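Q: Please take me through this model one feature at a time, giving the general idea and then the case at hand.

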Amino acid sequence: MPEQPADKLPVLAILGGTGKEGPGLAMRWAIVGYTVIIGSRQYEKAEAMAAELNQKLGIQTIRGMDNSAAARQSDICVLTVVQSAHQDALQGLKQELQGKILVDATARVDFRDARPPDPPAAARLAQNLLGTGVRVVAAFQNVPAHTLKTKLGQPLETDVLVCSDDVEAAQAVVQLAQSGGMRAFYAGKLDNAVVVEGLTALLISMNKHYSVKTASIAVTGIG
């Protein structure tokens, strides 16, 4: 649960939030008091998703906007677009993201032929493109989209590895993950995120082999 009053919580925008992972993250944060904006290239699509999620949760705090408006009106943005849209999405939102934390959840892994990607990490590419005015954090690449939509308001058996050159920004994202019922750990600078992306390839392979959708990671040895 959030440790701050609802009116002190950051406003969250989930950019590309109508895909597989965005709606689950939106619900987990909205149900514990965050104001969440679903962003999409198409305003109507974002608005429809927001209405659907509000109805499921019995709330009215999730809003739908186009990606640019969502980024402008938020404090923290979470990018959940498919890998093929990653660079174009960032380029189109470069100005709107200045001065904000951007959480990049991109794993450059093809589900049909899951292999670890070559460096640099997607989040490093994002930081290079956006410049020092944006604090980029890599997180949530390994959290199964199916799992996010279950046990709302309750802890999940999945851990989040958080990478950033900015430790303060990383800690803000650790708090977000914890508020959404996940354990989270700072795992080093942005370049380390390429390893986290590679873990996605392993998890996809395990899901296929064991005919499941919920393989995830857990960290041991840290209190």
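A: Let us begin with contact, which means heavy atoms within 4.5 Å, between helices (H or I, at least four residues), which like strands (E, at least two) are DSSP runs numbered from the N terminus. The model is predicted, so that local features need pLDDT of at least 70 and side-chain atom pairs pLDDT 80 or more, while totals for chains, interfaces and linings use all residues. Residues are numbered from 1 along each chain as its sequence is written, and side-chain values use heavy atoms, with hydrogens and water left out.

Q: Which residues of α1 and α2 meet?
A: Pro23, Ala26, Met27 and Ala30 of α1 meet Met49, Leu53, Lys56 and Leu57 of α2. By class, this contact has 7 nonpolar, no polar and 1 charged residues (Ala, Val, Leu, Ile, Met, Phe, Trp, Tyr, Cys and Pro are nonpolar; Asp, Glu, Lys and Arg charged; the others, Gly among them, polar).

Q: At what angle do the axes of α1 and α2 cross?
A: Two packed helices are described by the angle and the distance between their axes. Here the axes of α1 (residues 22-30) and α2 (residues 43-57) come within 11 Å and cross at roughly 45°, which makes α1 oblique to α2. Axes are lines fitted to C-alpha atoms over the stretch in contact, with angles from 0 to 180 degrees between N-to-C directions; under 35 is roughly parallel, over 145 roughly antiparallel, 65 to 115 roughly perpendicular, and the rest oblique.

Q: What lines the largest cavity?
A: On a 1 Å grid over the protein atoms alone, a cavity is a set of points where a 1.4 Å probe fits but cannot get out, a pocket is an open set with protein on both sides within 12 Å along at least five of seven lines, and lining residues have an atom within 4 Å of a point. The structure holds 1 cavity of 30 Å³ or more, lined by Ala139, Phe140, Gln141, Asn142, Val143, Asp159, Val160, Leu161, Val196 and Ile217. Strand β7 (residues 159-164) gives the most to this lining, with 3 residues, and by class the lining has 7 nonpolar, 2 polar and 1 charged residues.

Q: Where does lysine 151 lie, and what is its phi?
A: Most residues other than glycine have a negative phi, and most peptide bonds are trans. Lysine 151, in the loop between α6 and β7, has a positive phi of about 50° although it is not a glycine. The peptide bond from proline 119 to proline 120 is cis, with omega near 5°, and proline 120 lies in the loop between β5 (101-104) and α5 (122-130).

Methods:
Points joined across faces, edges and corners; volume = space filled by probe spheres on them.
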